[in-house]
Structure formats: C-alpha cells, structure tokens
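Hi everyone, thanks for coming. I'd like to walk you through one structure today, so please have a look at the screen.

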Amino acid sequence: QVQLVESGGGLVQPGGSLRLSCAASGRIRSIGAMGWYRQAPGKQRDLVATITSSQDAYYADSVKGRFTISRDNAKNTVYLQLNSLKPEDTGVYYCNADTALVGLVGSLEVWGQGILVTVSS
C-alpha cells in the first residue's frame with residue numbers, strides 16, 4: 001500500500017559528498033516524522049537523522065555538522081545530504097516514515113529497502 005524508494009547511494013572518497021533521496025508513494029493520507037537509519041557491516045541499525053512534518057530535525061552526534069536532513073512535503077520525499085564523509089559512514093542507509101493511509105485509522109511505520117553508501121579511497 002505504501003512504498004519508500006531510496007536513491008543516490010554509491011562509492012565516494014573520504015571527504016566527499018552524496019545526497020540520498022527517499023520518495024514515498026501509495027495511498028498516503030499524511031506522513032509524520034521521516035528519518036534515515038544506517039546499518040554498518042556486522043552492526044545494528046542506528047538512527048542517523050529524523051525530521052518532523054514541521055521541519056524540526058534531530059541528528060545523531062556522529063553526523064552533526066556534516067549531514068543535513070530535509071523534506072519536501074508536497075512530494076512526500078525526504079533527503080539526506082552527506083558531507084565530509086568518513087570511512088565509518090559506510091553502511092546501508094534506510095529511509096523510514098510514519099505514514100497514515102487513506103481509509104485506515106492510525107499510522108504505519110514504513111521502511112525502504114536500503115541503499116548502500118561506501119566511503120573508501
């Protein structure tokens with residue numbers, strides 16, 4: 001009923017930049033908080049950044065000052081600008097959205113399929 005599709009990942013050198021996008025589609029009534037999570041090889045999935053529908057953002061300490069989360073509510077899309085990338089930023093990045101669907105009460109937490117970011121020289 002709802003799908004999140006991420007794009008923009010890839011291989012980048014240390015110090016480089018990437019911009020991730022995540023577009024939600026389906027029978028969407030509204031979207032609350034949206035966020036990005038990261039799972040490094042062999043580790044658990046951790047929160048990177050979240051943003052509310054009113055554009056209030058929160059960042060993990062490890063990415064503050066380097067990453068910027070933003071969203072376009074008209075397009076049901078959330079972005080993550082990754083600057084000054086480090087090898088430890090390598091991992092699969094997952095998009096997450098708290099989504100209310102047409103015809104349903106309440107909301108669902110929806111995940112994207114994940115996109116790989118590799119920071120290496």
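Let me start with a question: does Asp61 count as buried or exposed? Asp61 counts as exposed, at 63% relative accessibility. Before I go on, please keep in mind that this is a predicted model.

So, who does Asp61 pair up with? Asp61 makes a salt bridge with Lys64, and their closest N and O atoms are 3.2 Å apart. Lys64 is partly exposed, with a relative accessible area of 49%. The cut-off for exposed is over 50%, so at 49% Lys64 falls into the partly exposed class.

Asp89 forms a salt bridge with Arg38, and here the closest N and O atoms are 3.0 Å apart. Where do these two sit? Asp89 is in the loop between β8, residues 77-82, and β9, residues 91-101, while Arg38 is in strand β4, residues 28-39, so this pair ties together parts that are 51 residues apart in sequence. Asp89 is buried, with a relative accessible area of 1%. Arg38 is buried too, at 13%.

Asp89 also forms a salt bridge with Arg66, with the closest N and O atoms 2.7 Å apart. Again the pair links distant parts of the chain: Arg66 is in the loop between β6 (57-59) and β7 (67-72), 23 residues from Asp89. Arg66 is buried as well, with a relative accessible area of 10%.

Okay, let's follow Arg38 into the strands. Strand β4 runs antiparallel to β5, residues 45-51, and six bridges join them. Across from Arg38 you'll find Asp46 in β5. The two strands make a hairpin with five residues between them, and in the turn Gly42 has a positive phi of about 75°.

Last stop, the cysteines. How many disulfides does a search of the whole structure find? The search finds one, joining Cys22 to Cys95 with an S to S distance of 2.1 Å. Cys22 is in strand β3, residues 18-26, and Cys95 is in strand β9, so this pair links distant parts of the chain, 73 residues apart. For anyone new to this, a disulfide is a covalent bond between the sulfur atoms of two cysteines. Which hand does the link of Cys22 and Cys95 have? The link is left-handed, with -80° about the S-S bond. And both Cys22 and Cys95 are buried.

Methods. Residues numbered from 1 in each chain as written. Predicted model: local features only at pLDDT ≥ 70, side-chain atom pairs only at ≥ 80, totals over all residues. Heavy atoms only, no water. Salt bridge = Lys/Arg side-chain N within 4 Å of Asp/Glu carboxyl O. Helix = DSSP H or I, 4+ residues; strand = E, 2+ residues; numbered from the N terminus. Buried < 20%, exposed > 50% of the residue type's maximum accessible area, 1.4 Å probe, protein only. Disulfide = S-S within 2.5 Å. Pairing = 2+ DSSP bridges.
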